[in-house]
Amino acid sequence: MTAPILAARGLSRRFGGLRATHSVDLDLYPGQILGVIGPNGAGKSTLINLLTGHLRPHAGTVLLDGHDVTGKRPWHIAQAGVARTFQIVKPFRGMTVADNVVVAGLYGARGPAGTTTGAPAGAVGGRRSGTGAARPRAGRRTLAAVRRDALETLERVGLADKAHLAPAELSVADARRLELAKALGLRPRVLLLDEVLAGLRPGEIGPALELIGSLRRDGLALLMVEHVMSAISAVCDQVLVLHQGEVLTTGEPTAVLSDQRVIAVYLGTRFNQSGSARRTPRGDSDPSSEQSGPAPLAEREEEPR
Ligand SMILES: Nc1ncnc2c1ncn2[C@@H]1O[C@H](COP(=O)(O)OP(=O)(O)OP(=O)(O)O)[C@@H](O)[C@H]1O
């Protein structure tokens, strides 16, 4: 059996007395999409932050290609092939859309200590071993080549015609595409998506899922934190459910989304018509829709209060 490319063992992080994640184990394999779900505050973003080095765990281990990368800085982990998107998009605001992706390309994947990157099919550019301090690789690839790759990436996410714009001129959906393009610009082997579908209109979700599916076909390993249950059920191979920082269960989407324990932890969370557990900016549930029946999460529909 293939070894996991990214794994967590006993990953724990507290904020004061709050256990944001507690003893989380996961395995992510090349060509797999692992969905991570759970009610607001369950620890999903914290888990991504621990995997990418944006937070240090209080206990536990992060393994990349079997190498211990626990506590490594985010740029080390990014250059070792793990890219992410942020729930709140973070473009470089003083640059064009295209230059945002070029910057990512200049700092792209190098590979973990003692290995080469094994970048996915279709990925381009040089490889390099070691996890030294982050610095641009323009010396290995010309800026023109990096720019060409960036434009290909923008084409792939559907932003080619907006390459010249400033990020502030983008719609919500396009800002999410740029967030994804920046992550892909790193030419990762592992991609962690934090609510990449949030704010998209129903008609925009299908193409986004097609793109995510195409990345899996390229051989990327994807971890997807998402509240849109229909999307989780459509594209994920496995789903991990977090509840109060702990893994409640892991399994295939159909089984997990109809598991009574999983449904129970979502009770009190409102669902919209696409089966999305929604929240307000305060983190509360969306009062415009509510569902508390025992139907599988992916089949839930809005019900007036
Ligand atoms: N930097 C922080 N300082 C203090 N508490 C934090 C911090 N980050 C997260 N928390 C708390 O840790 C818990 C888990 O938060 P986290 O953002 O990981 O949840 P989540 O599952 O991603 O939630 P959501 O679905 O709302 O994004 C929450 O109670 C949150 O308030």
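# Briefing: a ligand shell, its helix and the surrounding fold

Helix α1 gives the most residues to the shell around the ligand, three in number. This is a predicted model. The protein has nine helices and 10 strands. Of its 305 residues, 44% are buried. Among contacts with a separation of 6 or more, 66% join residues 24 or more positions apart.

**The ligand shell**

- The shell around the ligand holds 13 residues. Phe15, Asn40, Lys44, Ser45 and Thr46 come nearest.
- Two elements give two or more residues to this shell: β2 and α1 (44-51).
- By type, the shell divides into four nonpolar, seven polar and two charged residues.

**Helix α1**

- Is α1 mostly covered or mostly exposed? Helix α1 is mostly covered, with eight of its eight residues buried.
- The buried residues of α1 are Lys44, Ser45, Thr46, Leu47, Ile48, Asn49, Leu50 and Leu51.
- Lys44, Ser45 and Thr46 are also among the residues that come nearest to the ligand.
- Gly53 follows α1 and has a positive phi, near 85 degrees.

**The four-stranded sheet**

- Four strands form an open sheet in the order β2-β1-β4-β5, and their pairing is antiparallel.
- Which strands stand at the edges? They are β2 (18-28) and β5 (67-68). Each has a single partner strand, so one side of each is left without a neighbour in the sheet.
- Strand β4 (residues 59-64) pairs with β5 over two bridges, in the antiparallel sense.
- Leu64 has His67, in β5, as its bridge partner.
- Asp65 sits in the loop between β4 and β5.

- Strands β9 (residues 238-243) and β10 (residues 246-251) pair in the antiparallel sense over five bridges.
- Leu240 has Thr250, in β10, as its bridge partner.
- Two residues lie between the strands of this hairpin. Gln244 in the turn has a positive phi of about 50 degrees.

**Positive phi in loops**

- Most residues other than glycine have a negative phi.
- Asp65 is not a glycine, yet its phi is near 55 degrees, a positive value.
- Is Asp65 buried or exposed? Asp65 counts as buried because 21 C-beta neighbours lie inside 10 Å, and the cut-off for a buried residue is 20 or more.
- Arg187 is not a glycine either, and its positive phi is about 55 degrees.
- Arg187 lies in the loop between α5 (172-185) and β7 (190-194).
- Arg187 is buried too, because 23 other C-beta atoms lie within 10 Å.

**Helix α4**

- Helix α4 (residues 143-157) has 15 residues. At 1.5 Å a residue, α4 should span 21 Å. Its end C-alpha atoms are 21 Å apart, which agrees.
- Val146, Asp149, Ala150, Thr153, Leu154 and Val157 are buried in α4.
- Why do the buried residues of α4 line one face of the helix? Seen down the axis, they fall within an arc of 145 degrees, so they line one face.
- An α-helix has 3.6 residues a turn, so residues three or four places apart point the same way.
- The buried residues of α4 are covered by elements including α3 (97-106), α5 and α6 (202-217).
- Gly158 follows α4, and its phi is positive, near 85 degrees.

**Helix α6**

- The 16 residues of α6 should span 22 Å at 1.5 Å a residue. The end C-alpha atoms of α6 are 24 Å apart, which agrees.
- Which residues of α6 are buried? They are Ala208, Ile212 and Leu215.
- The buried residues of α6 pack against β3 (33-37), β7, β8 (221-225) and α7 (229-235).

Note on methods:
Residues numbered from 1 in each chain as written. Predicted model: local features only at pLDDT ≥ 70, side-chain atom pairs only at ≥ 80, totals over all residues. Pairing = 2+ DSSP bridges. Near = placed C-beta within 6 Å. Nonpolar A, V, L, I, M, F, W, Y, C, P; charged D, E, K, R; others polar. Buried ≥ 20, exposed ≤ 12 C-beta atoms within 10 Å, placed from the backbone. Contact = placed C-beta atoms within 7 Å. Expected span 1.5 Å × (residues − 1). Arc of directions from axis to C-beta.
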